Amino acid sequence: MKNRQLVNIIFALLMTLSGIANADRIAIIGTGDVGAALGPEFAALGHEIIYGSRDPERDSVQALVNKTGNNASAAMPTESVVNADIVVLAVPGRLAESITAELGDLSGKIIIDPTNNYIRDGVPRLATDTSNGEAIQAAAPGAHVVKAFNTLSWRQMVDPGSSGGPVSIPLVGNNAEAKEKVAEIVSGMGLEPMDLGPIQNARHVEGMLVLWIQARINGEPFDYHLRKTPTR
Ligand SMILES: NC(=O)c1ccc[n+]([C@@H]2O[C@H](COP(=O)([O-])OP(=O)(O)OC[C@H]3O[C@@H](n4cnc5c(N)ncnc54)[C@H](OP(=O)(O)O)[C@@H]3O)[C@@H](O)[C@H]2O)c1
């Protein structure tokens, strides 16, 4: 068992024992790299995961359900969100807005948006004049969108220590309670939540990937994490 998994299990156990367990039902739409990274991490914190997949019976989806445990399941995307408190959009960035609209009424739910939407050919740039975070908030006006997890690789989501230092997770969104809830999850994973203001700042957080792509093109790949200024 990896140290990270052990820490997650101990954290979930402590939360339960201390009576502050606040397990949510989390629908994760998409079962690719990000969905498969976040699902087991969230389940280890005590949350119940339901994967929203276009093909919930697929062997790979069922294997992910088994790996996730804690009463996890899979269903079609529209079905998965019905009783969910939190919806994670682990889907291709160019489709995130339309997939959100197809999920039906998400009012009152928290939407975690880890998507990136960029154009790679020519000069790398965002594929939107605003941001996916803002477009998703407009597509689900009654929901509380929190942009999170778009600034790191899925590998660091499951193993933050692999980055060689603290990994910050910028959180932007308009609802303070929703950001606090997502910050709790982020902390439980061994990552550092950082509130960076309203959802309109999603365009800057999403823009960080554009610089990362440019650096890769230049042959100088780097990890990008904001580090808190040390207190003196
Ligand atoms: N990969 C990373 O390290 C990373 C890190 C941070 C952020 N992100 C962002 O997070 C989002 C998800 O990334 P990912 O790497 O997990 O992507 P991915 O491996 O391509 O998975 C996306 C998933 O979305 C679902 N999906 C629904 N409609 C789809 C459609 N029409 N075509 C293709 N897939 C569809 C699929 O799950 P079903 O087949 O089960 O429906 C698919 O497995 C992206 O916006 C990406 O930019 C990625």
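**View 1. A β-α-β unit in the predicted model.** Strand β9, helix α8 (residues 176–188) and strand β10 form a β-α-β unit, and the unit is right-handed. The model shown here and in the other views is predicted. Strand β9 covers residues 168–171 and strand β10 covers residues 192–195; the two run parallel and are joined by 4 bridges.

**View 2. The open sheet of 6 strands.** The strands follow the order β3-β2-β1-β4-β5-β8, with parallel pairing. At the edges are β3 (73–75) and β8 (144–147), each of which pairs on one side only. From one strand to the next, the twist averages 25 degrees. Strands of a sheet pair through backbone hydrogen bonds, and the pairing can be parallel or antiparallel.

View 3. Which residue of β8 stands opposite Ile-110? It is His-144. Strand β5 spans residues 110–113, and its parallel pairing with β8 runs over 4 bridges. Helix α2 packs on the sheet, where it touches β1 (25–29), β2 (48–52) and β4 (86–89). The direction of α2 makes about 160 degrees with that of β2.

**View 4. The shell around the ligand.** There are 22 residues around the ligand, and those that come nearest are Gly-30, Gly-32, Val-34, Ser-53 and Thr-115. Which helix gives the most to this shell? Helix α2 (residues 33–44) does, with 3 residues. Sorted by class, the shell holds 10 polar, 9 nonpolar and 3 charged residues.

View 5. Ala-23 lies in the loop between α1 (3–17) and β1. Asp-85 is 62 residues from Ala-23 in sequence, and the C-alpha atoms of the two are 9.7 Å apart in space.

How values were computed: Residues numbered from 1 in each chain as written. Predicted model: local features only at pLDDT ≥ 70, side-chain atom pairs only at ≥ 80, totals over all residues. Near = placed C-beta within 6 Å. Nonpolar A, V, L, I, M, F, W, Y, C, P; charged D, E, K, R; others polar. Pairing = 2+ DSSP bridges. Axes fitted to C-alpha atoms, helices over the stretch in contact; angles between N-to-C directions. Contact = placed C-beta atoms within 7 Å. Right-handed = clockwise from strand over helix to strand, strands pointing away.
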